[in-house]
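Here is a brief report on charged side chains and their partners. Please look over the structure first.

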Amino acid sequence: VTHSIPACIGSMTINGKQLDNESPVSIFAVNKCYETVQDGTFFDGSGFAALVREGYKVRSDVNITLEFRTTAVHGVLLGVSSAKVDAIGLEIVHGKVLFHVNNGAGRITATYEPRGTNSLCDGKWHKLQANKSKHHISLIIDGNLVHTDNPYVQSTSADTNNPIYVGGYPADVKQNCLTSKSSFRGCLRNLVLTKGQHTELFDFSRAFDLRGVFPHSCPGAEH
């Protein structure tokens with residue numbers, strides 16, 4: 001077993017002596033347990049989760065679904081890039097959700113603009129679906145569809161080969177389809193990427209790099 005247990009552990013004793021977990025000698029990727037907890041992964045606004053170390057290939061088609069909950073009006077949701085310009089990106093900027101795609105010929109963006117700046121950043125769960133089908137892109141937030149016209153109809157494949165970064169990305173990593181550097185603060189759950197008949201549900205506890213991210217443990221209220 002190479003990954004940690006997604007759980008809360010308390011009142012541990014060894015040979016009858018209770019361990020002091022308030023002042024450990026060292027600590028890594030361990031957070032407080034919450035009195036009220038929800039399904040989801042908590043992002044504390046300082047880091048990111050990195051998935052698919054060998055690189056994720058978006059190519060012509062991908063469908064991304066996830067649920068998010070936040071009170072912040074800025075934050076990276078997801079980015080997959082390449083060493084060239086090809087990339088996709090999902091982010092919250094000024095309370096709007098942006099889905100960017102660059103198939104190599106130029107970046108196009110589908111923007112979901114809610115009625116109020118805080119409508120999506122109200123601490124409640126919202127469902128997002130982002131779809132790239134060749135040169136077409138669309139975004140569905142809580143059942144509301146937006147799509148955008150793509151002038152680059154000949155360019156259909158995003159030839160990415162980098163990991164999937166969720167909730168942010170390292171300072172030394174280039175993301176060609178993200179405008180924000182702000183790490184996401186809040187909770188994410190049910191991240192699914194679908195290509196054709198292949199559907200993959202990503203488990204954050206199996207990420208190869210986690211910074212400021214606490215899998216399977218989402219505080220019931222914002223702390």
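The side chains of Arg 206 and Asp 203 meet in a salt bridge, at 3.8 Å from N to O. This is a predicted model. Arg 206 is exposed, with a relative accessible area of 58%. Asp 203 is partly exposed, at 25%.

The structure holds four salt bridges. Three of them, including the pair above, are listed here.

| Salt bridge | Closest N and O atoms |
|---|---|
| Arg 189 and Glu 67 | 3.2 Å |
| Glu 113 and Lys 96 | 3.9 Å |

Take Arg 189 and Glu 67. Arg 189 is partly exposed, at 22% relative accessible area. Glu 67 counts as buried, at 16%.

Next, Glu 113 and Lys 96. Glu 113 sits in the loop between strands S9 (107-112) and S10 (126-133), and Lys 96 in strand S8 (residues 96-102), so this pair links parts 17 residues apart in sequence. Glu 113 is exposed, with a relative accessible area of 55%. Lys 96 is partly exposed, at 28%.

What of Asp 86, which is buried yet has no salt bridge? The nearest side chain of opposite charge, Lys 84, is 4.9 Å away. A salt bridge needs the nitrogen within 4 Å of a carboxyl oxygen. The side chain of Asp 86 does reach the backbone nitrogen of Asp 159, at 2.9 Å. Asp 86 is found in the loop between strand S6 (75-80) and strand S7 (87-93). Beyond four places in sequence, its contacts include Asn 102, Ser 157 and Asn 176.

Methods
Residues numbered from 1 in each chain as written. Predicted model: local features only at pLDDT ≥ 70, side-chain atom pairs only at ≥ 80, totals over all residues. Heavy atoms only, no water. Helix = DSSP H or I, 4+ residues; strand = E, 2+ residues; numbered from the N terminus. Buried < 20%, exposed > 50% of the residue type's maximum accessible area, 1.4 Å probe, protein only. Lys, Arg positive; Asp, Glu negative; His and termini not counted. Polar contact = N/O pair within 3.5 Å; in protein donor to acceptor, adjacent residues only side chain to side chain. Contact = heavy atoms within 4.5 Å.
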